[in-house]
Structure formats: C-alpha cells, structure tokens
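Please examine the structure shown here.

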Amino acid sequence: MLSIRQLRYFEALSRHRHFGRAAEDCAVTQPALSMQIREMEEMLGVRLLERGRGGVRLTPVGEEAAGRARGVLAALADMERTIRDSGRLLEGRLRLGVIASIAPYLLPRLLPEMARRHPGLEIALRESQTEHLVADLVQGDLDLVILSLPVEHPALEAMALFEDRFVLAVPEASVDFPGPQASADSILAADLLLLEDGHCLRDQALNVCRKADARQLRRFGASSLATLAQLVANGQGITLLPDLFVRAEGGRMAGVRLLPFPDPVPARTIGLVWRRTLPSRKDVEAVADMVRACRPGA
C-alpha cells in the first residue's frame with residue numbers, strides 16, 4: 001500500500017518538476033525522495049515520470065496520479081483539522097489566502113475584526129495570484145481563499161460575497177473624456193494601463209474593454225493598483241480601478257478623475273472559496289459575514 005510520505009513526495013515533485021527543489025520542499029535529501037518515488041512506481045507497476053537533464057516530466061498516468069494525490073492529501077489535512085479542532089475552522093490556526101488586488105484594501109479592516117470576534121484564532125496569511133492560491137487550496141496548504149469569481153474546480157466550493165464595481169481613471173486634465181461618465185467603447189488599447197500578466201484583474205479589465213487589443217498594450221509591468229493610479233496621475237494613460245481600491249483611498253486621488261460607467265456597470269464578483277471536504281460550513285459562513293461587513297463602503 002502507498003504511504004502518505006510517498007504521496008507527499010510525489011505531489012511535491014509534480015509541482016516542482018525537479019528532484020532537488022522537491023526534496024528541499026519536503027525537507028529531505030534528494031536520494032531519499034528519489035528512492036521513495038521509485039518504490040512507488042515499482043509498487044504500482046507503472047512509470048509516473050520521465051527523467052531528463054532539464055528535470056522531470058509526468059507521464060499521462062503520472063498526471064492523473066498527481067491529481068489524486070493532491071485530493072488525498074487535502075482530505076487528510078481536513079481530517080486532521082476535524083480531529084484537532086473538533087471541526088471548528090475558527091479555532092486554532094486558519095490559513096487564509098487573498099489575491100493581491102483585494103488584500104491591501106480589505107485586510108486592514110478584516111483582520112482586527114476577526115481577532116475581536118475570535119481572540120484565540122491564529123491567522124496564517126498568504127497574498128498571491130489566483131492560480132497559486134487555488135493550487136495551495138486544492139492540495140490542503142490553505143483553508144480559505146478570498147478572490148475574484150468564478151473559480152471552477154471539482155474539489156472546491158465557492159460563495160459570492162459582494163460585487164466590486166469598476167470606474168475609469170483618467171488624468172485630471174484629460175480632454176479625451178469630457179463627459180461625466182465613462183464609455184467602454186471609447187477606451188483604446190494604446191491608452192490603457194493594466195496590471196502585469198498573471199493578475200486576474202487584468203483579464204477582467206480587458207473583458208470590460210472588449211475593443212482593446214491586448215497586443216497593443218504598453219508594457220509597464222505594474223504589480224499594484226496604486227502604481228497604476230500614479231501612472232494615470234502623471235499622464236501616462238488611463239486604467240480601470242475597482243471600487244474596493246477607490247473607497248480604500250477615500251474616493252479621491254490627486255491628479256486623477258474618476259468616471260463611473262452607465263448601467264449595467266461592469267464589476268467583478270468577490271467570493272470565498274474552500275475545499276468540499278472542509279467540515280466547517282458554519283465557520284465558512286461566519287468568515288463570509290465578516291468579509292461583507294468589513295469591506296470598504298459596507
């Protein structure tokens with residue numbers, strides 16, 4: 001029978017695709033990890049890996065095995081929590097992930113409120129991009145994630161929390177947008193500033209500006225909304241900003257004019273995501289209530 005150790009080692013190798021990095025992740029020597037993987041292959045009677053100079057590749061069977069290993073390890077993590085904390089998510093340690101375009105504007109209000117309502121709760125926080133947070137959630141390294149929906153994965157459940165509307169930010173002295181409202185049809189790609197690749201907010205903004213060709217965008221590599229706002233204030237272009245950011249900034253930014261969109265106003269849906277095997281549905285709902293109550297403008 002396969003051991004939990006073998007599953008952990010194999011799962012780490014499937015993520016890193018490199019024996020050395022996987023061994024470092026698991027805090028073991030590379031020969032020890034390699035031996036466990038070989039024993040796993042011999043026990044199953046199949047090749048899970050293709051070994052080469054550049055690292056390792058998973059065979060088709062290996063890819064399927066990696067997915068199943070993540071599911072088993074996530075279920076094991078939930079079982080450990082159920083036994084240790086009597087199934088309570090808001091007791092002990094909560095591993096919370098938040099995407100970068102939400103964290104700075106929500107957490108300063110949310111974390112004190114969670115500490116007030118649950119003084120014994122220890123929060124381990126991770127801020128990253130959606131892809132990385134979802135992967136950590138699926139494999140059991142996170143308990144809950146706050147991000148922009150939709151997220152589709154058979155191992156996960158999601159709950160919508162609130163709508164975060166977009167506004168158009170233009171330079172204060174701009175004459176290209178004389179009216180009181182924004183128009184998605186008038187936004188040209190050459191003028192549009194967006195977050196760097198990998199941020200879901202970038203894709204959402206492009207969906208709003210359907211006529212904007214992503215290939216024509218200027219490459220600033222901005223990683224924060226505050227940077228985009230400063231670029232706009234200095235006449236470098238225009239951008240879409242979520243209401244969450246605008247309210248956290250007090251509704252005004254020096255050198256920037258904010259234009260609302262007419263109905264239907266484009267928006268992103270902020271939601272909470274967790275594994276289906278998590279036993280604490282009531283605690284998930286309690287976290288959802290706190291997030292709704294603590295968002296700027298609530």
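In this predicted model, the largest nonpolar core comprises 74 residues, and those with the most contacts inside it are Leu110, Leu144, Ile146, Leu168, Leu240 and Phe261. Strand E6, which spans residues 156–171, supplies the largest share of this core, namely nine residues. Leu168 illustrates how such a position is surrounded: leaving aside residues up to four places away in sequence, Leu168 touches Phe177, Ala182, Ile187, Ile238, Thr239, Leu240, Arg257, Leu258, Leu259 and Phe261. In soluble globular proteins, nonpolar side chains tend to be buried together.

The chain as a whole may now be considered. It has 298 residues, of which 48% count as buried, and its secondary structure consists of 10 helices and nine strands. Along the principal axes, the C-alpha atoms fill a box of roughly 70 × 50 × 30 Å. Among contacts between residues at least 6 apart in sequence, 75% join residues at least 24 apart. The accessible surface of the chain comes to about 15100 Å², and 50% of it belongs to carbon and sulfur atoms. The chain carries 38 positive and 38 negative charges, whose mean positions are 1 Å apart.

A search of the whole structure finds one aromatic pair, formed by Tyr105 and Phe245 in an edge-to-face arrangement, with 5.2 Å from centre to centre and 80° between the planes. This pair links distant parts of the chain, since Tyr105 belongs to helix H5 (residues 103–117) and Phe245 to helix H9 (residues 243–248), 140 residues apart. Both Tyr105 and Phe245 are buried.

The backbone also deserves attention. A cis peptide bond, with omega of about 10°, joins Leu149 and Pro150; Pro150 lies in the loop between strand E5 (144–149) and E6. The peptide bond from Asp263 to Pro264 is cis as well, with omega near -5°, and Pro264 is found in the loop between strand E8 (256–260) and strand E9 (267–275).

Arg17 counts as partly exposed because its relative accessibility is 30%. Ala27, likewise not a glycine, has a positive phi of about 60° and is placed in the loop between H2 and helix H3 (30–44). With a relative accessibility of 71%, Ala27 counts as exposed.

How values were computed: Residues numbered from 1 in each chain as written. Heavy atoms only, no water. Helix = DSSP H or I, 4+ residues; strand = E, 2+ residues; numbered from the N terminus. Buried < 20%, exposed > 50% of the residue type's maximum accessible area, 1.4 Å probe, protein only. Contact = heavy atoms within 4.5 Å. Areas by Shrake-Rupley, 256 points an atom, 1.4 Å probe, with all protein chains shown as cover. Lys, Arg positive; Asp, Glu negative; His and termini not counted. Charge placed at Lys NZ, Arg CZ, Asp CG, Glu CD. Core = buried A, V, L, I, M, F, W, Y, C linked by side-chain atoms within 4.5 Å. Phe/Tyr/Trp six-rings, centres within 6.5 Å; stacked < 30°, edge-to-face > 60°.
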